[in-house]
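This report concerns a protein model shown together with DNA. Please consult the sequence and structure below before reading on.

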Amino acid sequence: MADFHLLTTDWYRQNHRDLPWRNTTDPYYIWLSEVILQQTRVAQGLSYYEKFVRNYPSLESLASAEEQQVLKDWQGLGYYSRARNLHFAAKQIMNEFEGNFPSSFRDLKKVKGIGNYTAAAIASFAYKEPVAVVDGNVYRVLSRCFDLSTPIDTSAGIKEFQDLAQLLIHPVHPDIHNQAIMELGALICTPKKPECNVCPINSICLARQNKTIENRPVKSKKTKVRQRYFHYFIEESNHIHLAKRSEKDIWQNLFEFPLFESLSEKDFQLKHKELSNKSIYHSEVITHLLSHQKLNVVFYHMKEINEEFDGREVFKIDVERLSDYPVPKLIENYIDRINNERK
DNA sequence: AATCCGGGGAT
DNA sequence: ATCCCAGGATT
């Protein structure tokens, strides 16, 4: 398919969105944008990109920041390991690479938080190295255009699509080639109701011919969700009590209210009955969805809270200092709710 | 090879 | 409710 490159890039030149990270070839800014956009829509990541460019205008500024501040700036974006790895990687590049941003696919992959996709993106956008990106968009476009039924979440599928994408890449213009195929997936070849009638490659799309568009790409697994049961404690005073999550679990290195976790629904209800009596007030059961977990949460307002809780140190914090502490969306939402009720 | 890690928007 | 988003690390 010699047409594939020509058709997609011609379309891209006329129809692409004007996004800030497309107006630079600085690998640092491209890196920031790519990490922010991992598993994240452009619309959601855009303001975070602008914030990070503003707060960390250089690799050095990011490397010399405190992790807690980086997490605070990341708050609300999810997948917080991205922020921890981003900060770790900035220091890594300062030390192992003497402050010079790695400039090849091979070296980029040595950096924490940079995998196949991000290494290919930076290498092709910043250095025009002919390496193909394979992200969710690429899986969709290629599986449809070539009508491939190999599940994309198996090692065979990963290899097949990576090889095909690499076969298609343009040796001289890998940057616009990669951008074009992803933009096509984002704007035209969408998961639901793709706009095949205006698609620049509809004339060579095999899934369109075979009427299998709705069944591409194929995925083999479905994620199952674990139930968890949290009891959070809030003291009725001028201070807020926070504890840091340090264990290998969700929200690592973020802060939350002192927590008691029930390990079963039965224990959750038992504990709820007991704590309802001891508390001044308690919220209803709030459910908070994560990709692999469903959190069932009750907030209990207490007269007093211990300084140590479940073996973790509890920090007593002035309400005004709350903005220094990164917290999960669940906690942020509840703090907002308390503040609104006081008005 | 399988599982874990968030939050939000579209359907 | 379900899917999936400019994925990567860990086991």
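## Basis of the model

The model is predicted, with local features requiring pLDDT of at least 70 and side-chain atom pairs pLDDT 80 or more, while totals for chains, interfaces and linings use all residues. Residues are numbered from 1 along each chain as its sequence is written, chains are lettered from A and ligands numbered from 1 in the order written, and side-chain values use heavy atoms, without hydrogens and water.

## Surface around DNA strand B

Around DNA strand B there are 22 residues, of which Y79, S155, W251, H288 and Q293 come nearest; a residue is near if one of its heavy atoms lies within 4 Å.

Phosphate oxygens of DNA strand B lie 2.8 Å from a polar backbone atom of W251 and 3.0 Å from one of K329.

## Helices α2 and α6

Helix α2 (residues 27–36) packs against helix α6 (residues 81–96) at about 160°, with the axes 10 Å apart. The two are therefore roughly antiparallel (an angle over 145 degrees). Their crossing is right-handed.

## Residue H173

H173 is situated in the loop between α10 (155–168) and α11 (174–187). Its relative accessible area of 37% makes H173 partly exposed (between the limits of under 20% for buried and over 50% for exposed, with a 1.4 Å probe and protein chains only). The C-alpha atoms of H173 and S124 are 8.5 Å apart, although 49 residues separate them along the chain.

Technical notes
Helices (H or I, at least four residues) and strands (E, at least two) are DSSP runs, numbered from the N terminus. A polar contact is a pair of N or O atoms within 3.5 Å; within protein, one must be able to donate a hydrogen and the other to accept it, and residues adjacent in sequence count only if both atoms are side-chain atoms. Axes are lines fitted to C-alpha atoms, for helices over the stretch in contact, and angles run from 0 to 180 degrees between N-to-C directions. Angles under 35 degrees count as roughly parallel, over 145 as roughly antiparallel, 65 to 115 as roughly perpendicular and the rest as oblique. A crossing is left-handed if the near helix is turned anticlockwise from the far one by less than a right angle, and right-handed if clockwise.
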